[in-house]
Amino acid sequence: MASWLSVAMLGALIGLMMYLERRSVERNRGKKIGVDGWLLLLVIILFAQSVLGLAGTLIYIAVYSMLGKMTAQIAAEQLIEIFMCGFGFVAAVLLTRCKKNAPLVSKWFFVVSIVWNAMLVFASRGAAEGGLLAMVYGIMIATAVFWLLYLFFSKRVKNTYAGGKRVPIPLSSIVYVVLFVFLAGMINLLTIFFMMYRLVSAGA
């Protein structure tokens with residue numbers, strides 16, 4: 001069920017991005033420029049991950065502290081997670097404001113993200129839920145690699161940040177992408193909830 005749902009979400013995402021890219025090119029007289037299409041998706045994902053990730057990390061810290069299970073290793077991991085949330089937020093702001101250094105900062109964010117998640121994969125070996133964690137971190141690494149390649153080879157990225165001039169973001173595109181990211185996020189949260197519920201039930 002989850003695999004078919006993931007395929008459906010991926011198909012819907014690709015269809016939406018193709019539509020936004022085509023409409024953006026028509027609006028800008030055949031030129032790929034401005035924060036729209038895949039670039040807009042990247043910006044909104046960075047904002048969403050930063051805000052939601054920070055909230056989740058703070059809740060995680062609070063719960064573990066109340067249960068008396070906070071260790072030095074867990075505390076260090078959560079501090080790095082907070083740093084990554086801030087790093088991603090800064091990258092999103094720079095991309096939105098069309099700053100010249102935005103692509104470079106974003107590339108470094110994804111490089112650090114790949115290294116950090118690879119370290120988490122290694123650290124999760126031997127844990128009871130190690131297989132599930134390794135899969136989650138592996139998906140995050142693959143996602144980071146995808147966006148890193150996009151930042152290197154996208155014509156839209158090169159055209160948008162070459163001159164450092166801010167290009168207005170179409171409101172309708174923002175609405176489409178925000179709605180999609182919200183729905184996808186809700187589905188992912190529900191999936192994670194049920195997976196964690198099954199893990200807890202199995203260990204009970």
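Asn117 touches Tyr137, Met140 and Ile141, leaving aside residues up to four places away in sequence; contact here means heavy atoms within 4.5 Å. This is a predicted model, in which local features need pLDDT of at least 70 and side-chain atom pairs count only at pLDDT 80 or more, while totals for chains, interfaces and linings use all residues. Residues are numbered from 1 along each chain as its sequence is written, and side-chain values use heavy atoms, with hydrogens and water left out.

Asn117 lies in helix H4. Helices here are DSSP runs of H or I with at least four residues, strands are runs of E with at least two, and both are numbered from the N terminus. Is Asn117 buried or exposed? Asn117 counts as buried because its relative accessibility is 2%. Buried means under 20% relative accessible area, exposed over 50%, and partly exposed in between, with a 1.4 Å probe and protein chains only.

Now the helix itself. H4 covers residues 102-123, which is 22 residues, and spans 31 Å from its first C-alpha to its last, close to the 32 Å expected at 1.5 Å a residue. The expected span is 1.5 Å times one less than the number of residues. Buried residues of H4 include Phe109, Phe110, Ser113, Trp116 and Leu120.

Next, the neighbour, H3. Two packed helices are described by the angle between their axes and the distance between the axes. H3 and H4 pack at about 155°, with axes 9 Å apart. Axes are lines fitted to C-alpha atoms, for helices over the stretch in contact, and angles run from 0 to 180 degrees between N-to-C directions. H3 and H4 are therefore roughly antiparallel; the cut-offs are under 35 degrees for roughly parallel, over 145 for roughly antiparallel, 65 to 115 for roughly perpendicular, and oblique for the rest.

Among the residues that meet are Phe87, Ala91 and Leu94 in H3, and Phe109, Val112 and Trp116 in H4. By class, the contact of H3 with H4 has 14 nonpolar, three polar and two charged residues. Nonpolar covers Ala, Val, Leu, Ile, Met, Phe, Trp, Tyr, Cys and Pro; charged covers Asp, Glu, Lys and Arg; the others, Gly among them, are polar.

Last, the loop. Cys98 sits between helix H3 (72-96) and H4. Most residues other than glycine have a negative phi. Phi of Cys98 is near 60°, a positive value in a residue other than glycine. Cys98 counts as buried because its relative accessibility is 0%.
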